[in-house]
Amino acid sequence: MGDLIPLVVNGGSILVFELSHVKRLRDLGIVGILSGTLPKAPQQNVFLGLPLRLSIYEAAWLVNQSLGVLVDGLRYNEQVLNISSLKEETVELQGGVEYVVTEDTYSQVDDEQLAKICRDAEISVDALMVRLFGSVKTRQHLLSAAFNYFRDRDYYLMPGLRFGGDFVAYPGDPLKFHSHLILKVLEQKESFDLLQLVTSGRLATAVKKAWVLVGESSTQRNKQNQKPSLHCFSIEWAGFG
Amino acid sequence: MLKRRGKNFNQIYRNPLPVTLSVDKYGQIPPTSLANPVSWISLACRLLYIYSHLPPREELTKVISDEDGLTFSVADDQGSMRLWRQGFFGKGTLSRSEPSWKARVEQRLGLTNAENIASEDVTAVRRGERKAFKGLRQEAQKLEQLGRLRVLNEDEQARYKSLVDQMDAMRLGKETAESESALKDESVATDKGEPEDIGRKVQESLKISLVEEDDNFPVSELREEDRTLIDPETNTLRANLEALQLQKTEVFFLLFALDAVKVFKNDSSLLLQELFYACLGSSHSPDNKFLLDYVVYHHFRSLGYCARSGLKFGCDMILYKRGPPMLHAEYAVLVVRDGDCGWTDWPDFMALARVVGGVRKTLVLVFVECPTQEEFDEILLSELDRCALSRLFLRYKVTEVVYKRWSPSRTRD
């Protein structure tokens, strides 16, 4: 249990504040999005820092693989604070800018205590899904299944909004590789506009990627809890010289 | 964005719509001067002549609708030529846009001496060039990689140098051609470079293919399908296999707004009302996709734009300032029913915006406000003549919104 990475749920986001955890996640192939601004330049949004924000699909995969545990932010932080002592110190830098510096509370908590806190504050993936999306929806489950499917095949996944898909898949660390696939997840019987086919196929080919439609195979899912088996098709725009 | 120059476009594409003007038929009004009463008389005579005659009309083009009433085509050459040259309606079934199959086949089989260059040939030449360049680049990259592993021997070094020189020469040729042409063309499926230059290249490539044909395949050894095409007595093509295919909105515009065509189905002519119902399909609601599209189509046509299908860019329509041969389309139009965004959820929208941005067009969202179902039914119940249809279309309102990607980090000063 001591090895589990606590994934802190604050409101609707899943955050990781500890740099060592971020490094471990990166090695596990979970990229997330750095979403903290830098204290000295809070307005810029090109270079972001801790915390790392994870998508629900990344978190679900980690929990599934027994690598991480989702914890409720409020309870988790309260208990961490109880154990550690919070010392505040005001430091003035040049230019009259004041910062409040606190000690790293996390490092004061040892593994055993942390594991206990995590057990206390744990929430399940399903509970979080309900909290985020109202009721549990098949689409989210399907997206999660698609994420697992590609992560298990050693693809690194990032959100695909800028390419008009649900995910983009990289053959390795996104810092080293360009992505190869744009994934679009479709539910069973979901209708699909042909103009979209043109748009997405064209876009994917223009950025030298394959556009992949991911769908659930209709025949092989009989039980509720069984993993849906997925089928993928890739689409390419022919005739570009 | 200007495409090609040097062609006599103003002559060929004189009329922006298939409408005959009195000037075309009767000529210019004679010059008059206030001081010369004789010129008044000739003017009066001419005016009297014009007003006493019916307005000039060209023969209506025959459009054939197929069994299910969903596709429309023009089979005769003259009609297709008219609809293409006067307003750029439709698309050749065997061509990219202008119905040029016949001209291309005649050129390929050497049946004509006319030097006409179809846009398809231009594209083929350009693609060939690009492929050759990519081949050179690949070989050069291989040598480069090899050079990192070990020292290249003399032959390899010489080969690498010549490859680099060739690639530079090709790049240079392209750049000069581009800088010479007044405005550059960046769109995906269109022509680059100087017209004369391209024309020369196309001619050369055609000549080469003809020479090869002469050497290897004499006329008796033409392909079976080519031989059936040629009439041996006159040495011309037996028939034009190509038809001009029209969209629903185009046919309806030609009939409803211009009265320039006659639509036939099973040899009987369709009334305006029948065509309307055929286009409408089974869903009789004011937000029928055909109605929304037509309202937007008519709107932009009446503003003087040439509107054509936007299928190849994943949108509903693209707008040309004059027409495809002269200028690239400037705008891509997405028709959105007011209050409902249809398929456009964010990822799809981002993809479309990227595609449209990638071909240097501006994305225009056109929101269409529809009349209520009651108003719609009321008009449909009355006799559906041109007046009633006009009343119906007047109830629609369109609003254009230009979409542009805004990047905060680039815009900040």
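**Close-up 1. Leu195(A) and its partners in chain B.** Leaving aside neighbours within four places in sequence, Leu195(A) is in contact (heavy atoms within 4.5 Å) with Leu311(B), Gly314(B), Cys315(B) and Asp316(B). Leu195(A) belongs to helix H7 of chain A, residues 194-206. Helices (H or I, at least four residues) are DSSP runs, numbered from the N terminus. Leu195(A) is buried, at a relative accessible area of 13%. Buried means under 20% relative accessible area, exposed over 50%, and partly exposed in between, with a 1.4 Å probe and protein chains only.

The model is predicted: local features need pLDDT of at least 70, side-chain atom pairs count only at pLDDT 80 or more, and totals for chains, interfaces and linings use all residues. Residues are numbered from 1 along each chain as its sequence is written, chains are lettered from A and ligands numbered from 1 in the order in which they are written, and side-chain values use heavy atoms, with hydrogens and water left out.

**Close-up 2. The interface of chain B and chain A.** Chain B brings 23 residues into contact with 22 residues of chain A. Between them the two chains bury about 1900 Å². Carbon and sulfur atoms account for 61% of that area. Buried area is the accessible area (1.4 Å probe) that two parts lose on being put together, summed over both.

**Close-up 3. The salt bridge between the chains and the chain B side.** The count between chain B and chain A is 1 salt bridge. Lys184(A) pairs with Asp348(B) in a salt bridge, with the closest N and O atoms 3.4 Å apart. The rule asks for a side-chain nitrogen of Lys or Arg within 4 Å of a carboxyl oxygen of Asp or Glu. On the side of chain B that touches chain A, the elements giving two or more residues are helix H6 (119-149), helix H13 (346-358) and helix H16 (408-411) of chain B. H13(B) gives the most, with 8 residues. By class, this side of chain B has 13 nonpolar, 2 polar and 8 charged residues. Ala, Val, Leu, Ile, Met, Phe, Trp, Tyr, Cys and Pro count as nonpolar; Asp, Glu, Lys and Arg as charged; the others, Gly among them, as polar.

**Close-up 4. Domain 1 against domain 2 in chain A.** Chain A is divided into domain 1 (5-129) and domain 2 (137-235). These bounds come from an automatic or database domain assignment. Each domain puts 16 residues into the contact. The two domains of chain A bury about 1200 Å² between them, 60% of it from carbon and sulfur atoms. On the domain 1 side, Arg26(A), Tyr57(A) and Trp61(A) lose the most area to domain 2, together 47% of what that side buries.

**Close-up 5. Arg26(A), Asp173(A) and the domain 1 helices.** Across the interface of the two domains of chain A, the rule finds 1 salt bridge. Asp173(A) forms a salt bridge with Arg26(A), the closest N and O atoms lying 2.7 Å apart. Helix H1 (19-28), helix H2 (56-64) and helix H5 (125-133) of chain A each supply at least two residues of the domain 1 side that touches domain 2. H2(A) gives the most to that side, with 5 residues. The residues of that side divide into 8 nonpolar, 4 polar and 4 charged.

**Close-up 6. Helix H2(A) and Ser66(A).** H2(A) is mostly covered, with 7 of its 9 residues buried. The buried residues are Ile56(A), Tyr57(A), Glu58(A), Ala59(A), Ala60(A), Trp61(A) and Leu62(A). Just after H2(A), Ser66(A) has a positive phi of about 55 degrees.
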